[in-house]
Amino acid sequence: MKRVETLSLFFSDRVPMLYAKTAFRRVSYSQCVWMRLRTIFNCVSTRFVVRPRFKVLGAIILVFFIIILVKVNSKVDRPLDKHNGPRTNAKTPQQSPNEFLYESIRIEDAMNHLNELQLIAKVSNGTRAIGTPGFNATLDYITNYLTANTNYKVTQSFFSVIGFALTNDPVLISSINGITRNYTYSTEFSTAEFYHVAYSASVNITDFTQLTAILNGGCSDDDWQKTNPSPAGRIALVRRGICSFRRKIALATKYNVKAVLLYNDGISPDRVSPIEISLTQENTMPILFLSFTVGQALLNSTQNAPRNTRVKLLIETKDISNVLVGNICADTPSGDITQSIIIGS
């Protein structure tokens with residue numbers, strides 16, 4: 001049997017995503033705990049895109065991890081007998097790791113943490129985004145709580161990143177059979193017909209350019225190669241779904257499109273409005289995200305009047321240099337640092 005001797009949790013700088021690393025040695029109980037945690041970590045890391053601020057769901061997940069981390073610490077940090085196992089009464093059935101975790105999470109604990117995070121936002125101009133006092137206060141809150149309630153070695157590390165901002169509101173205009181329409185940009189998703197994409201490249205397409213709708217979800221080379229007319233040198237309309245946004249944009253770049261208009265898939269009421277997404281700092285493609293209603297209308301027009309559906313757009317962005325962000329790492333006091341496993345992406 002093995003025991004997790006070193007457990008490190010990383011509270012990410014931009015998303016409510018937790019990473020973990022472990023060094024394995026001999027003993028038993030906490031490996032089971034770790035396997036449970038690893039499953040949760042993987043679930044979290046696949047569900048969230050990089051975004052510049054915590055969302056409500058992200059805050060809830062963050063709270064649950066704080067609770068689990070403290071409870072696991074109190075359970076695992078126990079004296080061991082000479083057989084490298086936790087001291088238990090042989091006649092008493094040992095509680096399973098799953099049962100322990102389930103019973104450890106209490107709604108009042110979660111609400112206490114959520115209230116604290118909300119209070120931080122309230123006194124920090126309504127935000128805990130990176131580069132703001134609210135973000136720094138969040139780091140301090142987690143650090144102080146873990147230091148007071150566990151024996152983990154808690155450290156903070158800071159580094160600079162390139163931030164993203166719009167210079168002006170983006171513009172999107174279509175021309176279908178000679179009829180032009182100027183679409184609505186808004187930060188209120190309920191009224192917005194399109195929204196910007198973080199780390200989109202700037203572009204100023206002043207002439208109406210032919211729009212081509214990419215087959216399926218634009219997730220394979222086959223989708224792009226079989227699209228007619230060819231997307232090269234045109235603006236690509238790409239539906240949400242099947243694969244990641246980064247995969248779609250990577251293929252768009254490969255096939256030399258001028259810009260990409262992503263649109264929501266409308267498969268449920270919460271997938272109609274445009275959404276906020278973010279790419280990486282290395283992205284070179286101009287991108288906007290449309291509502292399902294606008295995207296579907298443009299798709300229909302490309303099918304009914306393929307050579308008479310054109311768009312022009314303006315996206316003006318700027319880089320914000322030296323935005324200071326931070327991570328929190330909580331390590332168990334024992335373990336072999338040379339034998340680590342990183343869980344996360």
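**View 1. The whole chain, to get your bearings.** The protein chain in this predicted model contains eight helices and 13 strands. Of its 345 residues, 48% are buried. Take the contacts with a sequence separation of 6 or more: 74% of them link residues 24 or more positions apart.

**View 2. An open sheet built from eight strands.** Reading across the sheet, the order is β5-β4-β11-β7-β8-β9-β10-β6, with mixed pairing. At the edges you will find β5 (179-182) and β6, each of which pairs on one side only. On average, neighbouring strands here are turned by 30° against each other, direction ignored. Now look inside the sheet at β7 and β8: these two strands run parallel and are joined by three bridges. A handy landmark is Thr-212, which stands opposite Ala-236 of β8. For a helix to go with the strands, find α7, which lies across β8, β9 and β10 and runs at about 150° to β9.

**View 3. The largest nonpolar core.** This core has 22 residues, and those with the most contacts inside it are Leu-172, Ile-235, Leu-237, Leu-261, Leu-290, Leu-298 and Leu-313. At least two core residues come from each of β6 (194-196), β7 (203-213), β8 (235-239), β9 (259-263), β10 (287-290), α8 (292-304) and β11 (309-315). Strand β7 provides the largest share, four residues.

View 4. Setting aside neighbours within four places in sequence, Leu-313 is in contact with Val-171, Leu-172, Val-203, Asn-204, Ile-205, Ile-235, Ala-259 and Leu-288. A separate, second core holds 19 residues, among them Trp-224, Phe-245, Leu-251 and Val-260.

View 5. You will find Cys-243 in the loop between β8 and α7 (245-254). Not counting residues up to four places away in sequence, Cys-243 touches Cys-219 and Lys-248.

Definitions and conventions
Residues are numbered from 1 along each chain as its sequence is written. This is a predicted model: local features need pLDDT of at least 70, side-chain atom pairs count only at pLDDT 80 or more; totals for chains, interfaces and linings use all residues. Side-chain values use heavy atoms; hydrogens and water are left out. A nonpolar core is a set of buried Ala, Val, Leu, Ile, Met, Phe, Trp, Tyr and Cys residues joined through side-chain atoms within 4.5 Å. Buried means under 20% relative accessible area, exposed over 50%, partly exposed in between (1.4 Å probe, protein chains only). Contact means heavy atoms within 4.5 Å. Two strands pair if DSSP finds at least two bridges between them. Axes are lines fitted to C-alpha atoms, for helices over the stretch in contact, and angles run from 0 to 180 degrees between N-to-C directions.
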